[in-house]
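I opened my notebook to record what I looked up in this model. I start after the display below.

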Amino acid sequence: PLLDSNLQAAIERRGKELLGIALIVLGLIAAAMVGSYTPDDPNWMVSTDAPVQNWTGRIGASIAAPLFMIVGWGSWGLPLVLIAWGLRFAIHRGEDRAVARLIFMPIWIAVVSIYAATLVPGPEWRATHSFGLGGLFGDTVMGAMLTLVPVGSHLMVKLTSLAMAAGMLTLGVFVLGFTWPEVKQGARRVLVGLILMYGGLMTLLGRSATASLSAARSYKE
């Protein structure tokens, strides 16, 4: 072979790291595109002379508009997936699971869209959009479910929202490449962090109370 096994392994690792960095950059760009989405921006569906407000320019506005129209807030799944897998490739943590997990990304985004469709949009969203927070896809699926299931619409929306929230979290953990040991380790770290924050807060409050009591005693004397 032209290169020995050690050199081949080193080149492969550096290649994965470069791919991870590229995915992170793309994810940050996608997050800026989705986060700065404005329905009034000029795009292939809207013709206007107003300046582009999207941080990624006219191209980003032209991509964000159909994304939000189709899946609504499910568009946030795209930057999240890019950044998460970029980090995994960069630090070499579970990158071998990418193909098997990313196959289910469209399903996850669809579930996020349906969940968003169960939420009530604010007045600003209703004033500028003819569809709900889940886009046309989320509205269509929710409309079909409300029509087919013989349950009160209000109860059905609540049950669907609960089911979609559970499915969104479960499938999201899977699509982002997490394993059960990683989930347990992450939950343990979060729990330890909350306990330490609570302990620090109680210590701070205790010191404040002691200082206030000492000041009151000094003032009384």
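**Entry 1: terms and ground rules**

I first settled what contact is: heavy atoms within 4.5 Å. Helices (H or I, at least four residues) and strands (E, at least two) are DSSP runs, numbered from the N terminus. This is a predicted model, where local features need pLDDT of at least 70, side-chain atom pairs count only at pLDDT 80 or more, and totals for chains, interfaces and linings use all residues. Residues are numbered from 1 along each chain as its sequence is written, and side-chain values use heavy atoms, with hydrogens and water left out.

**Entry 2: helix H1**

I looked up what the buried residues of H1 pack against. They pack against helix H2 (57-71) and H3. Buried means under 20% relative accessible area, exposed means over 50%, and partly exposed is in between (1.4 Å probe, protein chains only). I listed the buried residues of H1: Gly 20, Leu 23, Ile 24, Gly 27, Ala 30, Ala 32, Met 33 and Val 34.

Next I checked the span. The expected span of a helix is 1.5 Å times one less than its number of residues. H1 has 31 residues, so it should span 45 Å. Its end C-alpha atoms are 44 Å apart, which agrees.

**Entry 3: a patch on the surface**

I then turned to the surface. Leu 18, Ile 21, Val 25, Leu 26 and Ile 29 form a nonpolar patch there. Together they have about 470 Å² of accessible area. Such areas come from the Shrake-Rupley method with a 1.4 Å probe; for residues, only the protein chains shown count as cover. Patches are made of residues with over 30% relative accessible area and no salt bridge; like charges are joined within 9 Å, nonpolar side chains (Val, Leu, Ile, Met, Phe, Trp, Tyr) within 5 Å.

Is Leu 18 buried or exposed? Leu 18 is exposed, because its relative accessible area is 60%. Leu 18 lies in helix H1 (residues 5-35). I noted a general rule beside this: in soluble globular proteins, nonpolar side chains tend to be buried together.

**Entry 4: helix H3 and the cores**

Helix H3 (residues 77-91) has 15 residues. From first C-alpha to last, H3 reaches 21 Å, close to the 21 Å expected. Its buried residues include Val 81, Trp 85 and Arg 88.

A nonpolar core is a set of buried Ala, Val, Leu, Ile, Met, Phe, Trp, Tyr and Cys residues joined through side-chain atoms within 4.5 Å. Which residues touch the most other members of the largest core? Of its 19 residues, they are Val 81 and Trp 108. The elements that give two or more residues to this core are H3, helix H5 (105-117) and helix H8 (153-175). H5 gives the most, with six residues.

I listed what Val 81 touches, leaving out residues up to four places away in sequence. The list is Leu 102, Met 105, Trp 108, Val 175 and Leu 176. Apart from this core lies another, of nine residues, among them Val 34, Tyr 37, Ala 116 and Trp 125.

**Entry 5: salt bridges**

A salt bridge is a side-chain nitrogen of Lys or Arg within 4 Å of a carboxyl oxygen of Asp or Glu. How many are there by this rule? I get six salt bridges.

Arg 14 pairs with Glu 17, the closest N and O atoms being 2.8 Å apart. Both lie in helix H1, three residues apart, about one turn of the helix. Arg 14 is partly exposed, at 41% relative accessible area.

Arg 88 forms a salt bridge with Glu 182, with closest N and O atoms 3.0 Å apart. This pair links distant parts of the chain: Arg 88 is in helix H3 and Glu 182 in helix H9 (residues 180-220), 94 residues apart. Arg 88 counts as buried because its relative accessibility is 7%. Glu 182 is also buried, at 17%.

Glu 182 forms a salt bridge with Arg 93 as well, the closest N and O atoms being 3.8 Å apart. Arg 93 is in the loop between H3 and helix H4 (98-102), 89 residues from Glu 182. Salt bridges that share partners join Arg 88, Arg 93, Arg 97 and Glu 182 into one network.

**Entry 6: His 92**

Last, I checked His 92, in the loop between H3 and H4. His 92 has a positive phi of about 60° although it is not a glycine. His 92 is buried, because its relative accessible area is 18%.
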